[in-house]
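This report covers selected helices, aromatic ring pairs and one surface patch. The sequence and structure are shown first.

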Amino acid sequence: MADYKAPLRDMRFVLNEVFEVAKLWAEMPALAEVVDADTAAAILEEAGKVTAGVIAPLNRSGDEEGCQWNDGAVSTPAGFPEAYRTYAEGGWVGVGGDPVFGGMGMPKVISAQVEEMVNSANLSFGLYPMLTAGACLSINAHASEELKQKYLPNMYAGTWAGSMCLTEPHAGTDLGIIRTKAEPQADGSFKITGTKIFITGGEHDLSENIIHLVLAKLPDAPAGPKGISLFLVPKVLVNDDGSLGEKNSLSCGSIEHKMGIKASATCVMNFDGATGWIVDAPNKGLAAMFTMMNYERLGVGIQGLATGERSYQSAVEYARERIQSRAPTGPVAKDKAADPIIVHPDVRRMLLTMKAFNEGGRAFSSYVALQLDTAKFSEDGAIRKRAEEMVALLTPVAKAFLTDLGLETTVHGQQVFGGHGFIREWGQEQLVRDCRITQIYEGTNGIQALDLAGRKVVGSGGAFYKHFADEMKAFANGASAELAEFTEPLKAAIANLDDLTAWLLDRAKTNPNEIGAASVEYLHVFGYTAYAYMWALMARAALGKEDQDAFYASKLGTARFYFARLLPRIHSLTASVKAGSESLFLLDAEQF
């Protein structure tokens with residue numbers, strides 16, 4: 001497998017030339033004091049070094065060794081504790097954290113690039129700091145000042161880790177039926193009792209403490225999702241002076257044996273009257289958790305992109321070196337027995353598909369990150385509200401579309417290797433296995449599609465969708481004639497999505513099955529159209545520079561491939577949506 005190299009040139013292109021992020025930061029006082037283009041470049045350069053040099057070399061060995069459970073204690077693979085210490089000491093756990101508590105204070109659009117690098121290097125490793133950063137978000141946004149002061153500095157420093165405890169054996173997507181209980185105590189704390197499953201980083205040997213965020217119900221809680229509260233439950237209790245005290249009444253009952261991400265500890269966590277403290281108000285737990293979820297779901301989408309990028313780097317290197325057969329037009333490598341497989345049209349189809357999805361995904365994930373930054377840092381109420389609605393609309397697309405395409409991309413990378421792609425030593429099959437979970441956790445992609453179609457599009461009466469559609473149309477209609485080869489198909493794709501959205505809004509009024517039947521294909525039509533917008537933006541930034549720099553020529557060639565060979569997928573998907581829900585219900589349950 002090729003050594004991982006952070007795609008810094010492409011990241012700089014997206015940030016500086018496509019989105020001109022420094023101008024946006026300068027307009028937001030909270031960011032203008034913290035970050036500029038030079039600071040961002042230096043951060044990404046250093047992140048590239050630590051991820052490629054320290055973390056990437058542990059990817060395969062971590063997969064081979066996996067995590068080990070022994071009487072409640074979990075050990076990570078060899079090299080992980082040392083690499084985590086290096087990563088934490090560099091400040092990377094707190095790259096997007098609040099500076100008041102020791103974080104770097106970087107905007108999400110910067111931490112998104114760091115997330116891509118660490119997850120490309122080693123997805124299992126990347127999950128540990130990701131869960132910590134997510135827990136910090138909820139604590140910082142919703143916890144009392146006392147809890148923030150007590151826990152955030154050590155969490156941002158990586159000295160303590162974080163976990164998110166939602167799922168129970170009987171309650172996955174439907175969190176309203178959780179059974180974990182929280183009993184109030186005279187001193188203001190709570191006793192937490194219940195079992196949580198699928199808890200990433202619930203127990204490990206990377207940090208001296210783990211701070212669990214646990215969803216539970218108070219004795220008088222109303223039924224359903226409105227009765228959920230959020231609690232901070234440390235593995236080791238923390239004394240008033242900040243030192244560690246007694247171990248809390250919780251334990252890891254086992255770890256899961258999984259298809260992929262084997263070096264990530266996926267735990268069954270038992271809370272046996274563990275001491276915890278409420279985050280935010282009673283029965284407001286889901287709102288506090290979803291502060292974290294919008295960021296985490298984008299982060300999971302980035303994991304799909306990241307595994308695709310790692311697969312692409314290896315596939316390109318292999319395709320340039322592996323010789324098999326001659327090019328259809330005659331010998332290219334005349335001094336060799338055969339030509340490198342990169343000359344063959346089908347190999348090029350796979351590589352270009354991977355390249356187009358990765359670069360389109362990097363632009364789209366950065367775009368969504370910018371919406372998060374705008375919603376958080378803009379001082380203009382109207383701009384902030386629009387950004388919040390854009391985040392709501394685009395988050396399920398970012399999570400589901402990037403990970404669906406991530407799996408397709410890793411499979412293409414494996415296929416480029418032929419038989420070697422099926423062999424563990426070459427590394428490509430691990431990326432397929434690792435990527436697969438990204439379509440499942442943090443809300444399955446089917447649930448993301450239902451969220452997009454049902455809550456965000458139909459639920460807003462199309463208002464959220466209109467923000468994004470109007471922006472795309474304004475760009476396409478205002479573009480120069482030189483961009484017509486990109487903007488004309490973009491206009492057609494937007495018109496198709498407009499029509500499909502109107503169809504969905506209309507059909508949903510009379511048939512409750514229509515949203516669920518249409519949702520996955522609708523999300524994909526939305527995603528391909530959004531990528532068309534990203535590729536048109538990138539083409540605008542590259543056009544006219546292709547003769548000076550091969551990077552821009554490559555960018556334009558990939559854009560042309562996207563519009564010619566990938567965007568047309570929207571037509572079959574649209575036909576599937578408009579076929580309606582009726583055919584899904586022609587069989588009784590017994591007939592399956």
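## Helices and aromatic contacts

Helix H7 is mostly covered, with 14 of its 14 residues buried. The model is a predicted one. Helix H7 takes in residues 108-121, and at 1.5 Å a residue its 14 residues should span 20 Å; the end C-alpha atoms are 20 Å apart, which agrees.

Helix H17 can be treated in the same terms. Its 29 residues, 514-542, should span 42 Å at 1.5 Å a residue, and the end C-alpha atoms lie 41 Å apart, in agreement with that value. Helix H17 also has a bend of about 45 degrees, located at Val-520. Of the 29 residues of H17, 24 are buried, so the helix is largely enclosed by the rest of the structure. After H17 comes Gly-544, which has a positive phi near 90 degrees.

The structure holds 25 aromatic pairs. One of them joins Tyr-318 and Trp-426 in an edge-to-face arrangement, 5.7 Å centre to centre with 90 degrees between the planes. This pair links distant parts of the chain, 108 residues apart: Tyr-318 belongs to helix H10 (residues 285-321), while Trp-426 sits in the loop between helix H12 (381-416) and helix H13 (428-436). Trp-426 also pairs with Phe-417; the ring centres are 5.8 Å apart and the planes stand at 70 degrees, so this pair too is edge-to-face. An angle over 60 degrees is what places a pair in that class.

| Residue | Relative accessibility | Class |
|---|---|---|
| Tyr-318 | 9% | buried |
| Trp-426 | 30% | partly exposed |
| Phe-417 | 4% | buried |
| Leu-587 | 43% | partly exposed |

The cut-off for buried is under 20%, so Tyr-318 at 9% falls in that class, whereas Trp-426 at 30% counts as partly exposed.

Ring pairs also connect a cluster made up of Phe-19, Tyr-367, Tyr-465, Phe-468, Phe-475, Tyr-522, Phe-526 and Tyr-533. Among its members, Tyr-522, Phe-526 and Tyr-533 have numbers within the range of helix H17, residues 514-542.

On the surface, Leu-586, Leu-587 and Phe-592 make up a nonpolar patch, and their accessible area together is about 390 Å². Leu-587 is placed in the segment that comes after helix H19 (569-578). With a relative accessibility of 43%, this leucine counts as partly exposed.

Terms used. Residues are numbered from 1 along each chain as its sequence is written. This is a predicted model: local features need pLDDT of at least 70, side-chain atom pairs count only at pLDDT 80 or more; totals for chains, interfaces and linings use all residues. Side-chain values use heavy atoms; hydrogens and water are left out. Helices (H or I, at least four residues) and strands (E, at least two) are DSSP runs, numbered from the N terminus. The expected span of a helix is 1.5 Å times one less than its number of residues. The bend at a residue is the angle between axes fitted to the seven residues ending there and the seven starting there. Buried means under 20% relative accessible area, exposed over 50%, partly exposed in between (1.4 Å probe, protein chains only). Patches are made of residues with over 30% relative accessible area and no salt bridge: like charges are joined within 9 Å, nonpolar side chains (Val, Leu, Ile, Met, Phe, Trp, Tyr) within 5 Å. Accessible areas come from the Shrake-Rupley method with a 1.4 Å probe; for residues, only the protein chains shown count as cover. A salt bridge is a side-chain nitrogen of Lys or Arg within 4 Å of a carboxyl oxygen of Asp or Glu. Rings of Phe, Tyr and Trp (its six-membered ring) pair if their centres lie within 6.5 Å; planes under 30 degrees apart count as stacked, over 60 as edge-to-face and the rest as tilted.
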